[in-house]
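Me: I have a model open here and would like to talk through its fold and packing. Could you take it step by step with me?

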Amino acid sequence: MSNKFLWSNIALGIGWFMFIGGLGALASRIEDPTTEMNISPIIGLQIIFGVLAYRSAKRAKLGLRKRSSGRTGLEVLALIFVWHTNVLLGIVIWTGTYSPTLLYDLAYDPAPLMLEHLITPVWTLISYIRIRQKDTAADTASGQKSP
């Protein structure tokens, strides 16, 4: 694989490690309910789907794959999966049906919540938008040069 996908390969590896680690934490939590669970497998899946959407857009930008409405639809579907936890959290906060443990976790262990609800989705969306903007800017520039 070329260096064009080096950082997305690293992010994909991190996503898989976090997903597998989250499954391990979930299994130990099932075995012993008093065990603390600091990582969720959802975070790993968010990273994986975000990277896949980014790589798909980058492949289309580089001309390795043809841009199609199906490809764009799958990219948007992956981004929806990345952001679905924020929508659910917003609904829970808006309706006031959140549990006291959510407030406790937010106050005393905010890192997993920040990673799942802020850092990963924002990082994914910014990366995707930037790669798509570069794609449309290149299309516009090439369209202006040709008669």
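Me: Reading along the sequence, what pattern does the protein follow?
Reply: Bearing in mind that this is a predicted model, the protein follows the pattern α-α-α-α-α when read along the sequence, and its secondary structure comes to 5 helices and 0 strands.

Me: How much of the protein is made up of buried residues?
Reply: Of the 147 residues in the protein, 28% are buried.

Me: OK, on to packing. Which residues form the largest nonpolar core?
Reply: The largest nonpolar core has 8 residues, namely Ala11, Leu12, Met18, Phe19, Ile43, Ile47, Ile48 and Val51. Helix H1, spanning 6-31, and helix H2, spanning 41-62, each supply at least two residues of this core.

Me: Which residues are in the second, separate core?
Reply: That second core has 6 residues, among them Ala53, Ala57, Leu79 and Ile131.

Me: Back to Ile48, what does it touch?
Reply: Leaving aside residues up to four places away in sequence, Ile48 touches Leu12, Gly15, Trp16 and Phe19.

Me: How do the axes of H1 and H2 cross, then?
Reply: The two axes come within 7 Å and cross at roughly 160°, which makes H1 roughly antiparallel to H2, because angles over 145 degrees count as roughly antiparallel.

Me: Is that crossing left-handed or right-handed?
Reply: The crossing of H1 and H2 is left-handed.

Me: Who makes the contact, by class?
Reply: By class, the contact of H1 with H2 has 15 nonpolar, 5 polar and 1 charged residues. On the H1 side the contributors include Ser8, Asn9, Gly22, Leu23 and Leu26, while the H2 side includes Pro41, Gly44, Leu45, Leu52, Tyr54 and Arg55.

Me: What does Ser8 touch?
Reply: Not counting residues up to four places away in sequence, Ser8 touches Val51, Tyr54 and Arg55. Of these, Val51 is also one of the residues of the largest nonpolar core, and Tyr54 and Arg55 are among the H2 residues that make the contact with H1.

Key
Residues are numbered from 1 along each chain as its sequence is written. This is a predicted model: local features need pLDDT of at least 70, side-chain atom pairs count only at pLDDT 80 or more; totals for chains, interfaces and linings use all residues. Side-chain values use heavy atoms; hydrogens and water are left out. A nonpolar core is a set of buried Ala, Val, Leu, Ile, Met, Phe, Trp, Tyr and Cys residues joined through side-chain atoms within 4.5 Å. Buried means under 20% relative accessible area, exposed over 50%, partly exposed in between (1.4 Å probe, protein chains only). Helices (H or I, at least four residues) and strands (E, at least two) are DSSP runs, numbered from the N terminus. Contact means heavy atoms within 4.5 Å. Axes are lines fitted to C-alpha atoms, for helices over the stretch in contact, and angles run from 0 to 180 degrees between N-to-C directions. Angles under 35 degrees count as roughly parallel, over 145 as roughly antiparallel, 65 to 115 as roughly perpendicular and the rest as oblique. A crossing is left-handed if the near helix is turned anticlockwise from the far one by less than a right angle, and right-handed if clockwise. Ala, Val, Leu, Ile, Met, Phe, Trp, Tyr, Cys and Pro count as nonpolar, Asp, Glu, Lys and Arg as charged, and the others, Gly among them, as polar.
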